[in-house]
Amino acid sequence: MSHISVALDNTGLSTRQDEIVALLIDAGVEFTAVVKHPGTDTAYVIMESEASAITALKHISELTNCRGLSFSCRIDRDYVPPAGLLGEENKGLNGDEQTLLLDEPPLKGGQVRNEEVLKVVAPYYVNLEAERSEDLKKSRMLQNVLKGVLVKLYKTEGGAVTPEWTKQPSLITHLRKRAIIYTSELRHRYRTKVEFSIGVIERDGRPAVQIGPCTRTGSTFRIFGSNCLDGALIFPNACVTISRIFEEQLTEALQAGQILRDDIALLDTVSIRCVGTCTNARFDVSDVLIGIFLRVAANIEPDIALSRLWPVICGIDTFLKRSGVLRAAIVSYAKVIAVVPGRPHRETYYPIALIMNSVLPSRFFVVQRMLNIAFRIGPDTFFQSNLSIAIAMVEYITEVVMLVVGDMDEFTRVTLLDVCCGCGFLGQCIARLLSDRLYDSQKAILVRGLDISADAIANAELNAIENFREDARVSLEYTCISVEQAQTFFSVPAAIGIVDPPRAGLPDGVIRVLRESDLQYLVYVSCNPKALAQNLFQLCYTDKTTLPFHIVSARGFNMFPGCEHVEAVIFLKRCASKEGIVVN
């Protein structure tokens with residue numbers, strides 16, 4: 001198949017591919033894909049036909065002249081897109097098959113992406129290398145969510161009327177276009193948290209332990225061992241090494257008769273949390289939190305059930321800490337889960353030592369430093385899986401909040417309401433950036449966090465003390481309570497709500513509280529397009545009793561490169577009437 005492209009020259013070495021995509025969307029250009037190889041200042045816009053290329057050339061030229069941009073554009077009939085970008089294989093000069101990953105250097109050592117592993121560990125996984133462009137596909141995914149919400153609002157039932165804001169082209173046209181997706185060069189070895197299952201297989205007629213992602217088909221389980229992990233390309237080397245060492249030493253103990261298959265059956269999961277330094281292109285692990293999860297019957301004492309297995313676990317832990325194979329500091333623990341049929345399981349935490357003495361889980365943590373603040377990450381702490389994109393997302397949300405702050409000149413304090421706050425990550429990062437950007441202002445900043453997890457609130461409070469002890473303008477308050485029980489939580493002036501719910505989205509009770517509150521601004525962070533679509537409709541439809549919200553803007557973030565998954569940030573503002581009228 002022949003291709004025709006519009007080449008954009010002199011775009012600058014630092015200009016990212018997603019920035020070019022955003023520019024084309026603003027220009028109203030319909031295109032197939034965009035390619036900008038790292039280290040070059042030319043971007044190629046792949047077009048479907050010569051006619052579309054000529055039209056695009058005109059629109060792009062007009063936009064660059066209007067904005068005073070320095071780069072030039074031309075039609076290029078010789079450029080050959082990367083293999084797989086358009087659903088076909090490209091041929092090399094000698095006729096051989098070539099395989100390249102879009103926007104990435106060729107992989108070393110003949111590595112290929114292990115699709116079977118990705119299907120297990122990555123939500124919504126598909127083979128994106130065969131698609132036109134990963135970022136373009138995710139842009140369309142978010143665009144379809146927004147278009148679906150608008151269509152549903154047009155077809156409201158049960159006495160509701162179509163919100164007036166959906167009838168104003170100036171308020172919805174940008175929502176129908178391809179959404180802007182923020183991405184980074186960090187596409188490999190970025191995952192900060194993994195949980196690997198443990199099982200036994202037969203290898204060459206002898207039992208061998210497998211540790212890795214697990215899939216289930218009916219009653220059949222399959223565990224992908226450490227030999228599969230490196231090819232998945234998303235796990236830091238530390239995670240692969242930990243899986244391999246546990247496999248090797250448990251297998252050796254099993255084959256030597258030190259432990260039995262029944263002992264291995266007590267092992268459930270290896271949990272790994274990685275922290276370290278992160279740039280736009282690299283994640284270097286400095287500390288690792290390793291948890292070994294074991295399951296025992298409720299009527300048996302752990303030290304008796306684990307009598308043969310425990311010394312082996314201690315030996316592996318000692319080897320990891322003393323051998324230096326990880327080049328990272330290690331904090332380790334064991335979580336013993338006592339299974340009680342028909343009742344909640346009992347969880348007990350132990351340091352990995354020869355004598356089993358239970359302790360509080362708060363004893364085990366690692367610290368992630370970013371944006372000049374630090375966060376304690378414990379066994380159950382939620383934290384973002386891709387630090388590079390997480391930083392970009394926080395900076396974008398801060399820009400949104402700054403726009404709102406500009407409309408609050410009459411108030412001396414800005415309040416961030418951090419719903420589902422977890423360890424305080426979003427609220428505290430935004431507060432830090434706000435404090436820096438409002439340096440010359442007299443405004444105070446209050447962060448009020450809310451979560452139903454006592455452990456999360458405890459970590460948020462500890463993080464707040466550590467991060468803001470020397471910043472008098474920022475105050476932080478955290479409460480362990482459900483949103484449904486905290487209606488007065490939102491009754492504060494100059495407040496901006498931030499919600500980052502679990503994958504299931506916000507329950508109906510929380511939606512009701514948000515609609516009945518006095519909150520005027522809301523930032524919704526979502527990791528599940530289906531739940532996002534449902535919640536946006538619930539927040540925006542007219543019900544004759546409360547003022548609905550309207551969607552101001554939407555951005556996507558490529559939090560999981562290589563997977564069909566997009567993190568979305570939606571900015572909503574309260575309408576001026578129950579009919580959904582928006583007053584600018």
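Is Thr269 buried or exposed? In this predicted model, local features require pLDDT of at least 70 and side-chain atom pairs count only at pLDDT 80 or more, whereas totals for chains, interfaces and linings use all residues. Residues are numbered from 1 along each chain as its sequence is written, and side-chain values use heavy atoms, with hydrogens and water left out.

Thr269 is buried, with a relative accessible area of 10%; buried denotes under 20% relative accessible area, exposed over 50%, and partly exposed the range in between, for a 1.4 Å probe and protein chains only. The residue belongs to strand 10 (residues 267-278). Strands (E, at least two residues) and helices (H or I, at least four) are DSSP runs numbered from the N terminus. The side chain of Thr269 forms a polar contact of 2.7 Å with the side chain of Asp268. Such a contact is a pair of N or O atoms within 3.5 Å; within protein, one must be able to donate a hydrogen and the other to accept it, and residues adjacent in sequence count only if both atoms are side-chain atoms. Beyond its neighbours within four places in sequence, Thr269 is in contact (heavy atoms within 4.5 Å) with Glu195, Phe196, Ile198, Gly291, Ile292 and Phe293.

Two strands pair if DSSP finds at least two bridges between them. Strand 6 (residues 193-203) pairs with strand 10 in the antiparallel sense over 5 bridges, and Glu195 stands opposite Ser271 in strand 10.

The largest nonpolar core has 106 residues, and Leu250, Ile397 and Phe425 have the most contacts inside it. A nonpolar core is a set of buried Ala, Val, Leu, Ile, Met, Phe, Trp, Tyr and Cys residues joined through side-chain atoms within 4.5 Å. Helix 11 (residues 387-405) gives the most to this core, namely 11 residues. At least three residues of the core come from each of domain 2 (135-185 + 383-574) and domain 3 (193-364), with bounds taken from an automatic or database domain assignment. Apart from this core lies another, of 42 residues, including Leu146, Trp165, Ile511 and Leu522.

Ile511 is one of the buried residues of helix 14 (residues 508-516). The buried residues of this helix pack against strand 20 (521-526), helix 15 (529-540), strand 21 (549-557) and strand 22 (567-574).

Strand 15 (residues 373-377) is largely enclosed by the rest of the structure, because 5 of its 5 residues are buried. Strand 14 (residues 366-370) pairs with strand 15 in the antiparallel sense over 5 bridges, and Gln368 has Phe375 as its bridge partner. The two strands form a hairpin with 2 residues between them, and Leu371 in the turn has a positive phi of about 55°.
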